[in-house]
Amino acid sequence: MAIINYVLTDVAAGADLIVWSSMSGDDTGLPFSTPKYPEKTIHFYGDFGGGTVTIEGSNDPRANPQHEDHLSASWFEIEDLNGILISTSTEGGEGLAQSSLWIRPVLTGASGGNLFVSLLARKN
């Protein structure tokens, strides 16, 4: 299990693209802070390696990657705009219905893979 860093790109006025690249095995994305982004859409693409990716959120102060106890933070699964937990093993995208201080993708049950998770986040 590795912690995968993200790349943040300013894609338009008021919008950023956050991408966690080449996730495989049981990788977890480095948490990204989202409170200044009220509108968010997540997209999954690439090889899942037979695994499932889940989007998690946290308001726990320990979720900050710089916190000395960040690995013990409490997380919850984020819901899509229809109230369904975002957990999938196929390519696609979802709007996020919930906001949290931190967000991250978690890949489980994969044997290999090369998964990309991108978050388009728009500021108001």
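At 15% relative accessibility, Glu 56 counts as buried (buried is under 20% relative accessible area, exposed over 50% and partly exposed in between, with a 1.4 Å probe and protein chains only). The structure here is a predicted model, in which local features need pLDDT of at least 70 and side-chain atom pairs count only at pLDDT 80 or more, while totals for chains, interfaces and linings use all residues. Residues are numbered from 1 along each chain as its sequence is written, and side-chain values use heavy atoms, with hydrogens and water left out.

Where does Glu 56 sit? Its place is in strand E7 (strands, E, of at least two residues, and helices, H or I, of at least four, are DSSP runs numbered from the N terminus). Arg 104 forms a salt bridge with Glu 56, the closest N and O atoms being 2.7 Å apart (a salt bridge is a side-chain nitrogen of Lys or Arg within 4 Å of a carboxyl oxygen of Asp or Glu). Arg 104 lies in strand E11 and Glu 56 in strand E7 (residues 52-58), so the pair ties together parts that are 48 residues apart in sequence. Arg 104 is buried, as is Glu 56.

Leaving aside neighbours within four places in sequence, Glu 56 is in contact with Trp 75, Phe 76, Glu 77, Ile 78, Trp 102, Ile 103, Arg 104 and Val 106 (contact means heavy atoms within 4.5 Å).

## Other salt bridges

The whole structure holds 4 salt bridges. One of them joins Asp 16 to Lys 123, with the closest N and O atoms 3.8 Å apart. Asp 16 belongs to strand E3 (residues 15-23) and Lys 123 to the segment after strand E12 (114-122), so this pair ties together parts that are 107 residues apart in sequence. Asp 16 is buried, with a relative accessible area of 7%, whereas Lys 123 is partly exposed at 32% relative accessibility.

Arg 122 and Glu 39 also meet through their side chains in a salt bridge, at 2.5 Å from N to O. Here strand E12 holds Arg 122 and strand E6 (residues 39-47) holds Glu 39, so the pair ties together parts that are 83 residues apart in sequence. Both partners count as partly exposed: Arg 122 at 40% relative accessibility and Glu 39 at 38%.

## The loop at Ser 100

Ser 100 is found in the loop between strand E10 (92-95) and strand E11 (102-108). Is this serine buried or exposed? With 6% relative accessibility, Ser 100 counts as buried. The side chain of Ser 100 reaches the backbone oxygen of Trp 102 at 2.6 Å (a polar contact is a pair of N or O atoms within 3.5 Å; within protein, one must be able to donate a hydrogen and the other to accept it, and residues adjacent in sequence count only if both atoms are side-chain atoms).

Not counting residues up to four places away in sequence, Ser 100 touches Thr 34, Pro 35, Gly 57, Ser 58, Asn 59, Phe 76 and Ile 78. Ser 100 and Leu 71 are 29 residues apart in sequence, and their C-alpha atoms are 17 Å apart in space.

Val 117 lies in strand E12 and is buried, at 0% relative accessibility. Which residues does Val 117 touch, not counting residues up to four places away in sequence? They are Ile 18, Val 19, Trp 20, Met 23, Ile 42, His 43, Phe 44, Val 53, Ile 55 and Pro 105.

Ser 22 is worth a look for its backbone. Its phi is near 55°, a positive value in a residue other than glycine. Ser 22 lies in strand E3 and is partly exposed, with a relative accessible area of 39%.

## The largest pocket

Rolling a probe the size of a water molecule over the atoms shows where empty space is left. About 190 Å³ of space lies in the largest pocket. Of the 13 residues lining this pocket, the closest to its centre are Ile 3, Thr 28, His 70, Leu 71 and Arg 104. On a 1 Å grid over the protein atoms alone, a pocket is an open set of points where a 1.4 Å probe fits, with protein on both sides within 12 Å along at least five of seven lines, and lining residues have an atom within 4 Å of a point. Grid points are joined across faces, edges and corners, and the volume is the space filled by probe spheres set on the points.

By class, the lining has 9 nonpolar, 3 polar and 1 charged residues (Ala, Val, Leu, Ile, Met, Phe, Trp, Tyr, Cys and Pro count as nonpolar, Asp, Glu, Lys and Arg as charged, and the others, Gly among them, as polar).
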